[in-house]
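Thanks for asking me to take a look at this one. Here are my notes, point by point, with the model shown below.

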Amino acid sequence: MKTVVVDKIGSITQALNLGHELRVATRDIPCEEGVVLVVEILTSKSTYNMLELNSGRMAKVSKGDIIVGALGHRRALFGYSGHIPASVQAGDIIQVLNIGGVLGVVESVNPEKGRPFDARVIGMVLQFPYLGERIGVPARVGYQRLNYDAPLNTRGVPIVAMAGTCMEAGKTAAACSIVARMRHRGLNVHAFKATGVSLRRDILAMEDAGARRSMIFTDLGVVTTTAKNGPAITRSLLTAMSEGNPDLIIFELGDGLLGAYGVEAILASPDIKAVLTSVVLCANDPVAAWGGVKLLREKFGIEPAVVTGPATDNAVGVDIIRDQFGVPAFNAITDGAALGDRVIESLGLSPRQAAEH
């Protein structure tokens, strides 16, 4: 065990409230998801070279920086694909797989992002939970552990799900426009992110737009979601977010309808599907919108309330979606108020009722 002074602490560890002087172990490191490590950055990058800190601020990472992250895997269409190594010890070289601080072994690289940072493992962060004793235990991400058997109880609160055709389909931008409109209409909104890889910027953006409370799957000790844990995460977060008397809950399904992060498993779960009041589809182009609407209708038995995303960036896409699919379409950036009003309408509230709520 030794003391290490670190330069930057990844947001993946937010629940631990770590300082910059940490006690670390260099031996007997459990190679498991969520175990918190200190690493030294060995390379330089001109792209995808930032780390999201606990504060939500983005900090540039440079060669020689000592940073804190946590073990996890990633399978991102427009990012890196990587896995947790079979074992890890001080001196091993691993990679930084995302800007939230996920650490693992890279398998596949997106050319636009370049190769990820290489990092040398310094040790595992220790916590000392036993008062008056110097017994260190491995630090792990999250405020609590995920309960796979947790029941679902939304207390009758209306639920809006944001689904996308893939990464970078405009889900967060749309969610923020909807949240802002609902707040202008006097509604109290709680928001969370159910799937993806640990990164807090999306829920922070929803807070900035007016969400009263927010959560992310990392709060439950999960670094990266899968088909196995996605439904349990969603049940737990829906139940938690329904507390405090919100008028509605809006949540983002990171990644796409076809992907590795568990979106399909969530939408296929009968109890979760039964509590969804409204589903918003975000699509990159008209063909993606066609496929997304078709998947929702035919595979999951869900009728989307509205389509948004880059497919609606001008009137051409909007007209195609409305005319050929029979689904309302609004752009979140240029017509955010109408998009929000459409979602309010799909919840059974008119704008006037919402304003009087």
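1. Which residues is threonine 234 in contact with, leaving aside its neighbours within four places in sequence? They are Phe192, Ala194, Phe251, Ile266 and Ile272. Before going on, please keep in mind that this is a predicted model. Threonine 234 has its place in helix α3, and it counts as buried because its relative accessibility is 0%, where the cut-off is under 20%.

2. The domains come next. The domain assignment of the protein chain gives domain 1 as 2-138 and domain 2 as 159-347. Their contact takes 20 residues from domain 1 and 17 residues from domain 2. Taken over C-alpha atoms, the centres of domain 1 and domain 2 are separated by 29 Å.

3. What is the area buried between domain 1 and domain 2? It comes to about 1500 Å², and carbon and sulfur atoms give 62% of that. On the side of domain 1 that touches domain 2, the residues divide into seven nonpolar, eight polar and five charged. How many salt bridges does the rule find across the interface of domain 1 and domain 2? The count is zero, while nine residue pairs are in polar contact between domain 1 and domain 2, both residues being at pLDDT 80 or more.

4. Now for the charged pairs. Side chains of opposite charge can pair when their charged atoms come close. The structure holds 15 salt bridges, and one of them joins arginine 200 to aspartate 219, with the closest N and O atoms 3.2 Å apart. This pair links distant parts of the chain, the two residues being 19 residues apart. Arginine 200 sits in the loop between β15 (189-195) and α2 (201-209), and aspartate 219 in the loop between β16 (213-216) and α3 (230-241). Buried or exposed? Both arginine 200 and aspartate 219 are buried.

5. Lysine 294 counts as partly exposed because its relative accessibility is 35%, whereas glutamate 298, at 60%, counts as exposed.

6. Helix α8 deserves a paragraph of its own. Here the side chains of glutamate 345 and arginine 342 meet in a salt bridge, with an N to O distance of 3.4 Å. The two are separated by about one helical turn, because they are three residues apart in helix α8 (residues 336-346). The buried residues of α8 are Gly336, Leu339, Gly340, Asp341, Arg342, Val343 and Ile344. Asp341 is also linked with Arg181 and Arg185 in a network of salt bridges. Just after α8, glycine 348 takes a positive phi of about 90 degrees.

7. Most residues other than glycine have a negative phi. Asparagine 17 has a positive value, with phi near 55 degrees. Its place is the loop between β2 (8-9) and β3 (21-25), and asparagine 17 counts as exposed because its relative accessibility is 69%. Glutamate 168 also has a positive phi, near 60 degrees. Glutamate 168 lies in the loop between β14 (159-164) and α1 (171-184), and with a relative accessible area of 54% it is exposed.

8. Last, a glycine in a strand. Where is glycine 69? Its place is in strand β7 (residues 66-71), and glycine 69 is buried because its relative accessible area is 0%. Not counting residues up to four places away in sequence, glycine 69 touches Ile12, Thr13, Val35, Val36, Leu37, Gly101 and Leu103. From glycine 69 to glycine 186 there are 117 residues in sequence and 39 Å in space, C-alpha to C-alpha.

Notes
Residues numbered from 1 in each chain as written. Predicted model: local features only at pLDDT ≥ 70, side-chain atom pairs only at ≥ 80, totals over all residues. Heavy atoms only, no water. Salt bridge = Lys/Arg side-chain N within 4 Å of Asp/Glu carboxyl O. Helix = DSSP H or I, 4+ residues; strand = E, 2+ residues; numbered from the N terminus. Buried < 20%, exposed > 50% of the residue type's maximum accessible area, 1.4 Å probe, protein only. Domains from an automatic or database assignment. Contact = heavy atoms within 4.5 Å. Buried area = accessible area lost by both parts, 1.4 Å probe. Polar contact = N/O pair within 3.5 Å; in protein donor to acceptor, adjacent residues only side chain to side chain. Nonpolar A, V, L, I, M, F, W, Y, C, P; charged D, E, K, R; others polar.
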